[in-house]
Amino acid sequence: MVHSDRDPAVLRRRLFRVLDFYYPAILDDVFGGYVAQLDERTGHVYDGATKHLVATARAVHNFGLGARLDGPVWCRPAAERGVTFLNAVHWDDAREGFDWVLEGRTAVDRTRHCYGH
């Protein structure tokens, strides 16, 4: 017998519940990419401008998993949106790395962290 918190069907349902909670509220139509600061209980956006590299990458990963596991049809375009934002906005051509924190589309912390990369 598979333990319930390791059962692939249970994990799949949990992933889809998480994605359903965040989508579409996580999509940022002002600056692009995703909203990183929203209350995990209510979904209230408390900071629509600050973008963290790790939060963007995590959302890309989660939506990508949703697409790979035949989740809702919006998973793939949501993941692609994040990849585009990572490559176009978080990426700094001059310094060849991903900026850690953005305010809107402007880098405010250009620190390079292994975790973010």
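Select H90 to begin; this residue lies in helix α3. Helices here are DSSP runs of H or I with at least four residues, strands are runs of E with at least two, and both are numbered from the N terminus. The model is a predicted one, in which local features need pLDDT of at least 70 and side-chain atom pairs count only at pLDDT 80 or more, while totals for chains, interfaces and linings use all residues. Residues are numbered from 1 along each chain as its sequence is written, and side-chain values use heavy atoms, with hydrogens and water left out.

With a relative accessible area of 0%, H90 is buried. Buried denotes under 20% relative accessible area, exposed over 50%, and partly exposed the range in between (1.4 Å probe, protein chains only). Display next the residues in contact with H90, where contact means heavy atoms within 4.5 Å. Neighbours within four places in sequence aside, they are K51, H52, L53, T56, F85, G97, F98, D99, W100 and L102.

**Helix α3**

Now select residues 75–90, the whole of helix α3. Its 16 residues should span 22 Å at 1.5 Å a residue, and the end C-alpha atoms, 21 Å apart, agree with this. The expected span is 1.5 Å times one less than the number of residues. Colour C75, A78, A79, G82, F85, L86, V89 and H90, the buried residues of α3. Viewed down the helix axis, these buried residues of α3 fall within an arc of 130 degrees, so they line one face; the arc is taken from the directions from the axis to the C-beta atoms. On the face turned away from the buried side, find the exposed residues R76, T84 and A88. The cover over the buried residues of α3 includes α1 (8–22), α2 (53–68) and the strands β3 (50–52), β4 (91–92), β5 (97–98) and β6 (101–103).

Move to α1, whose 15 residues should span 21 Å, in agreement with end C-alpha atoms 21 Å apart. Its residues V10, L15, F16 and L19 are buried, and the buried residues of α1 pack against α2 and α3. Select L19: beyond four places in sequence, its contacts are N62, F63, G66, W74 and C75.

L19 also belongs to the largest nonpolar core, which has 18 residues. Such a core is a set of buried Ala, Val, Leu, Ile, Met, Phe, Trp, Tyr and Cys residues joined through side-chain atoms within 4.5 Å. The residues with the most contacts inside this core are L19, I26, Y34, A59, F63, W74 and L86. Helices α1, α2 and α3 each supply at least two of its residues.

**Aromatic pairs**

Finally, show the aromatic rings, among which there are 6 pairs. Rings of Phe, Tyr and Trp (its six-membered ring) pair if their centres lie within 6.5 Å; planes under 30 degrees apart are stacked, over 60 edge-to-face, and the rest tilted. F21 and Y22 form an edge-to-face pair, 5.0 Å centre to centre with 85 degrees between the planes. Another edge-to-face pair is F63 and W74, with centres 6.1 Å apart and planes at 80 degrees. This pair links distant parts of the chain, 11 residues apart: F63 in helix α2 and W74 in the loop between α2 and α3. F63 is buried at 2% relative accessibility, and W74 is buried at 18%.
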